Structures are given as C-alpha cells and as structure tokens.
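Thanks for making the time this morning.

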Amino acid sequence: MSAEALLQVRDLEVDFATSQATVNAVAGVTFELRAGECVAIVGESGSGKTQALMACLGLLASNGTARGSVRFAGRELIGADERVLNTVRGTGIGLLTQDPLSSLTPHLRIETLLTEGLLDRGLASRTDARQRALQALRAVEIPEPESRLRQYPHELSGGMRQRVALAAALMCEPLLLFADEPTTALDVSVQARVLELLAGVRDRGLGVLIITHDLGVVAGLADRVAVMYAGRIVETAATDELFSAPRHPYTAALLAAVPRLHGAAQARLAGIPGDPPQPAERPSGCAFAARCAAADEQCTRVRPELRPDAPAVAAVACHRPLPAAAGQR
Amino acid sequence: MTPVATLLRVEHACVRYALRGTGLFAPSRSLDALSDVSIDIAQGGRLGVVGESGSGKSTLARVVLGLVRASSGRVLWEGRPVDYSDAGDLRALRREMQVVFQDPFGSLDPRMTAGQAVGEALQALAGPVPSVAAQDRILAALSEVGLGATYAHRYPHELSGGQCQRVAIARATVARPRLLVCDEAVSALDVSVQAQIVNLLHELSERHQMSLLFISHNLAVVRHLCEDIAVLCAGRVVERGSRAAIFGNPQAQYTRDLLAAVPEADPALQRARIAAARRIRTQ
C-alpha cells in the first residue's frame with residue numbers, strides 16, 4: 001500500500017434500502033489515486049460508478065449506506081461526522097457533475113455561486129473572494145469575467161456553464177477533483193475544451209477522478225483506468241496498456257463500441273448484446289458471463305476476483321482473459 | 001444503374017426568429033437560425049447533418065417536420081412542394097415521416113406501457129386497425145427493435161435509457177414511414193447502447209428502404225450510418241459531400257475542427273490533441 005496516495009478506497013460497498021429489498025449498487029471497490037494523477041472509472045449506466053463517488057463524499061441518498069474504507073489525505077471518510085465531511089467537500093475534494101444547469105443554483109448570480117463556499121467557511125473577505133472568482137473564471141477561459149459575475153446560469157451556454165461549474169469546484173483550492181460524466185451533456189467541440197481544462201487541473205498537481213461511460217473521452221486524460229461492471233471493478237490498468245491490449249472481454253467490448261473516424265466505416269458498430277443485470281438479479285458467477293462470447297461453465301459458477309492486494313497494478317477479474325500484449329504484464 | 005429518386009428536398013430554407021428588444025424603444029432584433037439551407041435525401045438514403053449546438057441542425061429537422069415555419073424557401077416531398085398550412089397535406093406527411101428525439105424518457109408518456117405507446121401511434125397514423133391485427137403489429141414493431149413481447153407491458157420507468165429509445169423507434173416506425181428524422185437520437189445514451197441503436201437504425205433503414213435524416217454533433221457516429229453528410233455552422237451549410245469526401249478530404253476548416261474534437265479511443269492521439277490545443281491557447 002503506497003503511503004503517498006491522496007485517496008485510498010478499500011472494499012467500498014454501497015447498499016440502498018427500498019421498500020421491497022436491499023439493492024447492492026457497489027459490491028466491493030478498491031482503488032487509489034495520487035496527487036497529480038488522473039484516474040478514470042469507466043462503466044455503463046447502473047454500474048455503480050457514480051454511487052461509489054457519492055459514497056466517498058458522504059452524499060448518498062438517505063436510504064443509502066456505505067461500508068468499507070475511504071481515506072482522503074489520511075482521514076477516514078466512511079462514518080465521519082458531517083463537520084469533517086463538510087470540510088472535505090469543496091476544500092478537500094471539488095465536485096463537477098454532468099449537468100451544469102442542475103448543479104448551478106438557478107436563482108443565484110455567478111458571483112454568489114463562486115464565492116459562497118469561501119464566504120460560508122470564512123476563508124476570504126468579500127472583496128478577496130470576488131477577486132478569486134474573477135481569477136477562477138479567467139483560468140477556465142471565460143471571456144469578460146466581470147460581466148459574467150452578474151449573470152445567472154440560464155444566461156450562459158451549456159459549455160460556458162460547465163466551465164463555470166469547474167471554476168466553482170476549484171474555488172476552495174481542493175486537492176482532488178471528482179468529475180462525474182463532465183462532458184456527456186456537451187457537444188464534441190465543447191467536450192474537447194473541458195478535457196483540455198481538466199488536463200490543466202491535473203498538471204497543476206491536483207488529483208482528478210473522472211467518471212464516464214465513454215472510453216474515448218478519457219483516452220487523452222487518464223493515467224490509469226478502472227472499468228466497472230455490475231458494482232465491481234473488472235479490470236484496471238495503465239491507460240496505454242488498457243487501450244492497446246484490453247484483457248477483460250467487457251473492456252474490449254466497450255472499446256469496440258466507441259465510434260471511430262478511421263477504419264472501415266460500413267462495418268457495424270460493435271454494440272454489446274443484452275443489458276447489464278439488475279442488482280437484484282446478479283448471478284453468483286461472473287456478472288458479464290451472460291453477454292460474453294468466451295464464457296464457459298466456470299464463468300457462470302465462480303465469480304472471478306480482482307487481485308485486491310495491489311490496486312495500483314494492472315489486474316483483471318476474468319477466468320478467460322484476452323492475451324496480454326507482448327512485453328507487458 | 002438507374003438514378004435513385006429524391007424523396008425529400010429542402011430548397012433555400014431560411015428561418016428567422018424575432019428576439020425581444022432589450023427596452024421599450026430598442027430596435028427589434030432577429031436571429032437567423034437557418035440561412036439558405038438546401039439538402040436532398042434519396043429514397044432509402046441516409047443523410048447526416050452535423051453541427052454544434054446553435055448551428056441550426058434541430059431547426060432544420062423542425063422545418064422538415066412542419067414544427068417550425070420557414071420564413072422563405074420550400075420543402076419538396078417527392079418533387080411536390082409541401083404546404084404545411086394545409087391540414088390534409090400535414091396529415092399525409094405524418095404517415096410518411098416520423099421523428100425520434102434525444103431524451104428517451106422525455107419522449108414517452110410515463111403512464112403508457114410500451115405496447116400502448118406503440119399502439120397509440122399505430123391508431124393515429126394507420127387509422128382504425130382491428131384489435132387482433134393491431135396487437136400483432138405492435139408486437140412485431142417491438143420485436144423488430146429488439147424488445148420481446150414481455151416488454152409490451154412495461155412502463156418507461158421500468159426500462160433503461162436504451163430500451164426507452166427502442167420503444168420510441170418502434171413507435172415512430174410502426175406505421176412504416178418512408179423518412180425517419182433522428183434529432184440527436186443517440187447522444188444521451190451510453191456508448192455501448194449508442195452502438196446498438198446506430199446498428200438498429202441502419203438495419204431498419206436497409207430492410208424497409210426507410211430514409212434517415214440523422215442529426216448529431218458527433219461526426220464519428222454519423223460516419224457509421226450515413227453515406228451523405230451536411231455540415232452546418234451558424235445556420236449555413238459549410239460543407240456537403242459523400243462520406244468518403246467529408247472524412248477523406250474535408251474542405252471547410254469548421255469540418256476539420258469538428259473532426260479533431262471527436263473523442264477517439266486512441267490515447268497517444270488524444271494526448272497530442274490536448275497538448276496541441278493547450279499550446280495554441282497559451283500563445
């Protein structure tokens with residue numbers, strides 16, 4: 001276990017109590033992230049990736065419970081009281097969400113949205129906070145920052161709103177940024193701008209944890225990728241390795257599903273047949289077996305485990321992994 | 001080879017929106033959402049219209065569907081000008097062209113099962129159908145989009161985003177339209193589901209000779225589906241051509257910018273792009 005990790009997540013489980021049953025959204029997730037590093041968690045809707053992130057911040061819905069361990073900068077966050085969590089949120093970990101229109105309070109001006117974190121915590125005077133808000137808007141390349149401060153979120157374009165949301169997430173100078181599907185609601189050209197800005201955030205020494213369903217989005221940004229399926233990490237590897245030689249059939253299928261600008265165009269896009277299992281219907285064996293061409297009897301019976309002892313090392317939870325690339329692993 | 005007949009033609013369409021003035025005596029302003037846009041779709045052809053938010057691509061779809069009136073220009077259906085103010089014309093056109101929108105939950109009635117949603121469209125478009133025959137057609141339409149009979153009784157909240165979009169496609173295609181307009185129909189979906197839906201649209205288009213007007217901000221998605229592509233920027237067509245021309249030899253700088261923004265699954269290429277873009281910005 002490396003001592004310098006900024007965020008250490010161990011055996012994280014998240015359950016939701018519903019009127020019928022307990023739904024297990026995250027079924028034991030382990031990973032870590034160092035300062036200046038960008039880690040991507042990639043998975044489909046319902047894979048548990050967002051709930052894992054929310055559990056780290058103590059932001060689960062009221063019927064949700066988290067177990068396991070989340071250590072951030074040496075402090076345990078699971079079971080921590082609200083006072084500790086409130087210090088960590090914003091000042092320790094910034095959060096950028098998918099939909100900037102719903103994450104920015106509609107009746108507050110941009111100035112209030114940017115400065116309230118600093119002012120509520122008594123971290124800056126009003127003039128100081130305003131100066132820092134202007135700086136933050138310049139850092140995300142918002143033109144005419146002075147006049148933007150007086151505007152409301154609905155007056156900005158979608159791309160500009162996402163950049164304001166990024167500025168807001170960074171106002172209290174966190175050590176770590178959580179970005180949950182930060183580009184999904186945006187046009188490709190605006191996506192590219194947001195990815196550039198996130199690369200800048202990482203290069204300033206912050207840790208960045210990015211969550212997405214699109215491997216294409218994180219190809220140029222992430223140092224390491226963890227692929228999540230049905231509540232578990234099924235493969236983790238350095239970005240180049242994972243893209244050049246995915247070992248889990250699910251990772252390979254996700255890669256093949258990304259539409260390409262090169263190669264045969266008429267060829268069918270490789271969709272993954274079927275749907276992920278509902279949490280209550282997850283099989284005892286590999287959760288991907290029903291959609292996997294390589295699955296055999298062992299796969300449906302025994303769940304393959306990821307090596308949990310070395311989360312920073314490439315690992316795959318599969319009985320029938322694809323071959324490793326020559327010279328790697 | 002016999003020339004393929006043109007199904008839909010839009011000629012010199014302009015759409016101008018009046019904007020509210022900022023004060024009582026402020027001059028009224030207007031916004032040109034579309035300026036002199038012309039497109040053609042052949043029988044069974046698939047045209048991709050690509051551009052950013054605000055480029056006018058959704059407005060173009062709305063003009064074709066008759067949801068927005070063009071200030072000038074005209075729409076021809078099989079060579080005949082469409083009169084969108086004529087109720088009869090409009091009703092006939094509804095049977096011929098259908099639409100699938102971006103938000104799969106938002107476009108379905110939450111109180112209707114998948115089967116009811118498809119049945120409603122069938123009744124509205126094909127007129128009264130005997131109930132046994134209607135049931136068969138509903139199940140056939142659902143099965144064609146990959147949803148088995150058990151899905152007919154499910155409500156939208158019991159379906160995933162991809163399944164909802166399949167229902168929306170079944171609803172749009174149950175009365176066999178000749179043109180399907182897809183307005184960012186795969187943009188809100190996970191990539192794995194997006195691939196399934198793109199393949200499904202391709203199959204339906206091939207099987208039934210159904211033309212597609214496929215609107216998207218992502219050129220890579222369009223490349224897999226459409227033989228012809230029009231690139232829209234600020235309400236104008238800046239480039240139009242075959243798939244080979246647009247991807248092999250793009251002429252407009254705007255097309256090249258859009259191509260460069262596509263998130264491809266290639267780490268070395270993406271890192272180089274991010275680094276290059278950041279260098280340009282810091283200069």
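Let me start with A:Gly271, which in this predicted model is buried, because 20 other C-beta atoms lie within 10 Å and a residue counts as buried at 20 or more. In the chain, A:Gly271 sits in the loop between helix H11 (249-257) and helix H12 (297-301) of chain A. If we set aside the neighbours within four places in sequence, its contacts are A:Ala257 from chain A, together with B:Ser192, B:Ala195, B:Gln196 and B:Asn199 from chain B.

Two packed helices are described by the angle between their axes and the distance between the axes. For helix H7 (residues 158-170) and helix H8 (residues 188-203) of chain A, the axes come within 10 Å and cross at roughly 15 degrees, and H7(A) and H8(A) are therefore roughly parallel to each other. Their crossing is right-handed. On the H7(A) side the contact is made by A:Gly158, A:Gly159, A:Gln162, A:Arg163, A:Leu166 and A:Leu170, and H8(A) contributes A:Val190, A:Arg193, A:Val194, A:Leu197 and A:Val201. By residue class, that contact divides into 6 nonpolar, 3 polar and 2 charged.

Now to chain B, and to a strand in its interior. Why is strand E3 (residues 46-50) of chain B described as largely enclosed by the rest of the structure? The reason is that 5 of the 5 residues of E3(B) are buried. In a regular strand the side chains alternate between the two faces of the sheet. Here both faces are covered, with B:Arg46, B:Gly48 and B:Val50 buried on one side and B:Leu47 and B:Val49 buried on the other. As for its partners, E3(B) pairs in the parallel sense with strand E8 (residues 211-216) of chain B over 5 bridges, and B:Arg46 stands opposite B:Leu212 in E8(B). Strand E9 (residues 228-233) of chain B also runs parallel to E3(B), joined to it by 4 bridges, and within E9(B) the bridge partner of B:Val49 is B:Ala230.

Chain B also has an open sheet of 4 strands, in the order E2-E1-E4-E5, with antiparallel pairing. Its edge strands are strand E2 (29-42) and strand E5 (80-81) of chain B, each of which pairs on one side only. Strand E1 (residues 6-19) of chain B pairs with E2(B) in the antiparallel sense over 10 bridges, and B:Val15 stands opposite B:Leu34 in E2(B). Helix H1 (residues 57-65) of chain B packs on this sheet, touching E1, E2 and strand E4 (72-77) of chain B, and its direction makes about 115 degrees with that of E1(B).

I will finish with backbone torsions. Most residues other than glycine have a negative phi, and most peptide bonds are trans. A:Asp11, in strand E1 (residues 7-17) of chain A, has a positive phi, near 45 degrees, and counts as partly exposed with 13 C-beta neighbours inside 10 Å. B:Ala234, in the loop between E9 and strand E10 (236-242) of chain B, also has a positive phi, near 50 degrees, and with 15 C-beta neighbours inside 10 Å counts as partly exposed.

Key
Residues numbered from 1 in each chain as written. Chains lettered and ligands numbered in written order. Predicted model: local features only at pLDDT ≥ 70, side-chain atom pairs only at ≥ 80, totals over all residues. Buried ≥ 20, exposed ≤ 12 C-beta atoms within 10 Å, placed from the backbone. Helix = DSSP H or I, 4+ residues; strand = E, 2+ residues; numbered from the N terminus. Pairing = 2+ DSSP bridges. Contact = placed C-beta atoms within 7 Å. Axes fitted to C-alpha atoms, helices over the stretch in contact; angles between N-to-C directions. Parallel < 35°, antiparallel > 145°, perpendicular 65-115°, else oblique. Left-handed = near helix turned anticlockwise from the far one by under 90°. Nonpolar A, V, L, I, M, F, W, Y, C, P; charged D, E, K, R; others polar.
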